[in-house]
Amino acid sequence: MNMVHILLHLLGIFVSAQAVVQVSISLNKVELSVGESKFFTCTAIGEPVSLEWFNPQGERIVASKRVALHTETSRSRLIIYNAVVEDAGIYRCQATDAAGQSQEATVVLEIYQKLSFREVRSPQEFRHGDTAEVVCDVISSPVPVVAWFYHDRDVTETQPSRYWVLPNNNLQIDQVTKADEGVYRCEASVEARGEIDFVDIAVVVNVPPVVSVFLPSFNATADYQESVTFTCIISGSPEPQVTWHRRGQQLQQSEQYVFSSLEGGRSTLTIHNIRQDHGGVYSCRATNKAGSQERELLLKVFVQPHIVQLRNVTAVEGSAAMISCVSEGEPLPDISWRRASDGHTFTHGVKSQDGRFEVRGRHAKSTLSISGVKLSDLGRFDCEALSRIGGHQKSMYLDVEYMPKFLSNHTIYYSWEGNPVNISCDVMSNPPATMLWRREHLTISADSSANMRVHHTVGRSLLEVTPMSDRDFGRYNCTARNNIGLRYQEFILAQADVPSKPYSVRLSSVSQRLATVTFMQPDSHGGVPIGHYLLQYKEAGSQHWRAVQSHGVQMTVVLTPLEPNITYQVRVAAINGKGQGEFSHTETFQTLPIREPSPPAVHGQRGMGKAYRLGLIKQDDGGMPIIEYIVKYKTDKEDRWMTKLVPGSNDFTTLKPLQWNTRYQAEITARNVKGLSEPTFYQFFMPQEPHITESVLGGLGVGVLVGLGLGSVLLLLVVVDVSCFFLRQCGLLMLITTHCSTPCAHNTSTGAKERKDMEEGKAAYLKLPLKEDKDPLKTDSMDIKVHSDNGLTTQPAHSKA
């Protein structure tokens with residue numbers, strides 16, 4: 001390098017004193033992926049006074065955490081660490097000589113983001129009929145081209161298409177159905193680099209239950225041991241769970257109620273031996289994760305009278321209606337009417353309080369007249385025929401036609417620029433009404449504006465507005481019309497704001513490892529519902545906040561895991577569709593220090609044989625796990641304790657062997673690294689040893705028992721005969737002795753001697769003392785080996801005489 005300087009210097013002498021320095025950079029154009037690092041070397045030929053680098057914005061570069069400069073006399077190295085997209089552009093290296101003249105060289109830096117998918121969930125579940133948005137979060141630089149495939153076909157090519165690739169690359173499926181279920185492929189590519197990748201996403205469509213019944217009501221005669229079977233047809237995905245209910249209570253399987261599940265999604269309830277009190281409304285309810293639906297079935301329990309004619313009637317609101325009911329039976333039944341909505345009864349000759357209801361006719365045929373029909377009259381009317389034998393009831397439906405009526409007073413909606421909002425116009429009318437939207441006397445059609453769409457369903461018209469400017473906020477008019485009349489309702493679309501800050505932040509409970517934070521909702525939600533709350537917490541003195549999101553709009557959040565005996569700070573902000581509101585005031589709290597465990601809680605029950613099972617209920621561990629339980633136990637008549645060590649992870653231990661018919665005392669202590677808890681004292685009693693005589697006899701056969709009985713009788717007879725022989729010189733033994741001594745009867749002296757010996761023998765028998773050997777009860781001292789839950793421990797046992 002010194003030689004180069006000398007040559008340049010000599011060249012400057014011969015050529016000109018005003019020679020200009022020359023600058024070059026090692027690279028002309030560089031491509032970098034986000035996160036990579038690169039360096040560039042700038043070399044100056046001549047005698048530069050300074051070498052400086054300039055960024056794409058024309059600013060002189062100074063060293064920082066991500067940018068480093070190493071400059072020598074005629075060379076400078078620029079290093080860029082962990083490149084980001086904003087680093088792209090043209091960088092200049094400028095050399096200036098002593099005369100103030102400068103030359104520069106440039107290098108072009110292009111930054112691109114590799115193609116990658118971020119946390120794409122599979123499967124993704126949707127509800128039948130909803131607008132499904134299948135999320136595929138993919139990033140790259142330049143922006144990737146995303147295509148969606150289903151069964152190896154591009155879904156957007158289907159005509160007419162219900163599939164839309166949204167600006168965020170997600171796939172929107174309009175009114176998703178079970179047929180749309182399956183695996184979708186999200187394929188992203190970057191043409192400039194030839195980069196391509198894909199991810200498969202399983203789409204699951206949950207269909208809400210649909211319950212249908214062929215017969216909504218059943219009739220039965222009481223006290224004739226009749227049965228009736230209700231049948232519901234159930235469909236839905238996943239397969240719904242079916243339950244039957246009556247009077248708000250779920251019915252249970254019994255001899256009275258029998259449930260069955262049949263092919264074709266049929267579920268039945270059979271009611272046996274019908275009584276009068278079995279009449280009423282039963283409901284069949286089907287439930288799955290997509291929702292639930294319920295259908296009612298009416299059981300009418302009656303006797304012989306029968307209604308043969310009763311038809312549904314349609315009337316216009318404000319006009320008159322005539323309902324006829326014809327019945328038959330013997331004797332002729334009396335007919336009365338009942339309004340199902342409130343149970344009010346109408347009978348012959350009695351007008352209603354408002355004078356609008358009147359019954360004409362009594363026996364077999366009756367007409368219910370209604371003047372000035374109101375919408376509240378709509379519904380079911382029951383005609384009941386009664387006689388001394390019993391009754392029969394049948395129902396009809398009064399349909400009331402009326403002009404449109406708006407169902408909601410919700411006329412103010414909030415949104416903001418770029419955020420779509422659905423303004424719902426809900427109408428009740430009979431017959432159904434046609435509905436249209438107007439603004440400033442102009443009709444809004446389904447395709448009249450790029451940022452306004454109209455969707456119609458029965459009884460509802462939905463205006464979808466995406467405000468693009470202040471002009472889109474204001475008043476909108478919904479008009480509903482049928483052949484009875486016309487009505488309109490005005491709606492206001494107002495600009496929304498972020499929520500105000502929550503207040504009353506406090507700690508409802510604090511332990512060593514967790515803290516429960518509660519707070520009050522903001523005074524203002526900004527016009528749109530609050531979606532969730534954001535809690536931030538950190539150690540006092542730290543600058544790094546950690547974030548926790550609430551579950552929905554719950555205003556109680558548990559912070560965990562925390563460190564013991566540390567001071568923390570916490571604050572809360574509310575978030576709605578517009579954005580995040582202001583944080584609340586910062587609340588400070590301190591977690592509890594680590595301490596000894598609380599006294600353990602125990603419960604027990606007798607085990608098998610001479611054992612006792614002692615349950616260990618998990619208690620407050622003081623902030624550190626329980627290492628072991630120390631269980632000491634002894635009888636209430638002993639002084640020395642037996643000890644057993646139980647691992648802290650166990651939830652029970654067995655004490656054995658124990659003594660029958662004995663009361664025991666136990667002392668249980670928990671230990672963690674901090675120390676021992678206070679002991680818990682517990683007593684239990686071991687019962688008498690089970691008696692086995694009955695069980696043994698029970699195992700003997702009948703023949704053996706009969707043999708034992710006969711043997712006992714014979715033994716008793718022998719004892720009685722011997723007693724009679726010695727005491728009264730009679731009985732079978734005496735007879736045998738007498739006959740045996742007859743041949744010797746001629747020798748009287750001998751016979752007298754024998755009688756004397758016999759009498760002496762009798763006396764000896766009567767005076768013979770009962771000798772009984774008694775052995776003292778001995779208990780040798782010994783060591784009892786008890787298995788602990790960790791191993792074998794040995795404890796001395798006490799001997800007692």
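A: A disulfide here is a pair of cysteine sulfur atoms within 2.5 Å. The model is predicted. Searching the whole structure turns up four disulfides.

Start with Cys42 and Cys93. Their sulfur atoms are 1.9 Å apart, and they form a disulfide. The angle about the S-S bond is -85°, and the link is left-handed. Cys42 belongs to strand 3 (residues 38-45) and Cys93 to strand 7 (residues 89-97). The two cysteines are 51 residues apart, and the pair links distant parts of the chain. Cys42 and Cys93 are buried.

Next, Cys325 is joined to Cys383, with 1.9 Å from S to S. This link is left-handed too, with -90° about the S-S bond. Cys325 and Cys383 are both buried.

Then come Cys425 and Cys478, a disulfide with its sulfur atoms 2.1 Å apart. The torsion about their S-S bond is about -85°, so the link is left-handed. Strand 36 (residues 421-430) holds Cys425 and strand 41 (residues 474-481) holds Cys478, so parts 53 residues apart in sequence are tied together. Cys425 has a relative accessible area of 0%, so Cys425 is buried. Cys478 is also at 0% relative accessibility and therefore counts as buried.

Now the overall pattern. With the bonded cysteines of the chain numbered in sequence order, the pairing runs 1-2, 3-4, 5-6, 7-8.

Technical notes. Residues are numbered from 1 along each chain as its sequence is written. This is a predicted model: local features need pLDDT of at least 70, side-chain atom pairs count only at pLDDT 80 or more; totals for chains, interfaces and linings use all residues. Side-chain values use heavy atoms; hydrogens and water are left out. Helices (H or I, at least four residues) and strands (E, at least two) are DSSP runs, numbered from the N terminus. Buried means under 20% relative accessible area, exposed over 50%, partly exposed in between (1.4 Å probe, protein chains only).
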